[in-house]
Amino acid sequence: MTLDPISLTPMPQETDATPSQIEAPEYFYPVETRPPVSDLPYLSHAILFFVLTIPMLFIGEALCLFLVKQSHLFGDKSYQAIFSLMASDARIAIPAQALTYLLTLLAAVAIFPVLWRRPFVQGIHWNLDVARTRFLWLFALGLGLGFGITLLGNYLPMPKDPPIMQDMMGSQLGAWMMLIFGITCAPLLEEMAFRGFLLPGFIHAFRWLIQREILSSDALSWVTIPLSVVLTTIPFALLHATQVSHAWAPLLLIGLVSVALCTIRLRLNSVAASTVVHAAYNFTLFAGLLLQTEGFRHLERLNS
């Protein structure tokens, strides 16, 4: 028996195989390796997704500015004047944000299937069938969540005239645009970002560290998911901080909503399911304003 001089393991015996029977090196025919879908997305994928939003933000706002300027919807205002309006006028801010979200989604759909070697909806765990078969139940859950959070808010110190309310009071068209955006684009991309990428990214990162004994399994194995939910909830709440004047009470309520959405995402293994609940929850917030203002025809009542 001959030993390998480096590994000191037995070397295979030479055979009388003909040249045609000798296997070619693997690098001649690289085997396509795909990460298991249960391991996707990685935390690095979540970071890449959020990095993608930065250039898409600039492109979306620039494209919106160009379209508004060329359409003359706001007269002959300069680009600088239109850009200033973007901070306060929902009629410009919402289309710019929608364009940013759309461009980010398109970039993600183009990039991540190449990294994953799988369809985007598979890697993100979209699982539309789960949401389709339970749609009414999920929608009702979102409505219930909205009513419950609204009721709880009556017992907490809520800010008066938060920025999101002031933006809505600007015009009837702006209010309708905020409603449509709030129940479509906003829940879709926020669920993609936080429950589609960030939440599983944290879970897989903790498990990776535990498997390699970098972190103690005894200490972290049972808190991996709760800790990942908390780490996902904090940036989700902070994303909405400016809309509610950075007040702690509404941020706490938004955090509770995030925990509920994370639970649904993990329980059903479906980002589509948490998106339905998120959209229904947002609808309850706008439904009360719709009733109060008679279809946004009396926005001055929001100030009473």
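R195 is buried, with a relative accessible area of 0%; buried denotes under 20% relative accessible area, exposed over 50%, and partly exposed the range in between, computed with a 1.4 Å probe on protein chains only. The structure is a predicted model, in which local features need pLDDT of at least 70 and side-chain atom pairs count only at pLDDT 80 or more, while totals for chains, interfaces and linings use all residues. Residues are numbered from 1 along each chain as its sequence is written, and side-chain values use heavy atoms, with hydrogens and water left out.

The partner of R195 is E191, with which R195 forms a salt bridge whose closest N and O atoms are 2.7 Å apart. A salt bridge is here a side-chain nitrogen of Lys or Arg within 4 Å of a carboxyl oxygen of Asp or Glu. E191 is likewise buried, at a relative accessible area of 0%. Because the two residues are four positions apart in helix α9 (residues 185-211), about one helical turn separates R195 from E191. Helices are DSSP runs of H or I with at least four residues, strands are runs of E with at least two, and both are numbered from the N terminus.

Another salt bridge joins R297 to E294, the closest N and O atoms lying 3.6 Å apart. In this pair R297 is exposed, with 55% relative accessibility, and E294 is partly exposed, with 35%.

The cysteines can be considered next. The count of disulfides, defined as pairs of cysteine sulfur atoms within 2.5 Å, is zero. C185 is partly exposed, with a relative accessible area of 30%, and C262 is buried, at 0%.

In the model, residues 42-68 are 96% helix and 0% strand, and their end C-alpha atoms lie 39 Å apart. For residues 247-264, the corresponding values are 94% helix and 0% strand, with the end C-alpha atoms 26 Å apart.
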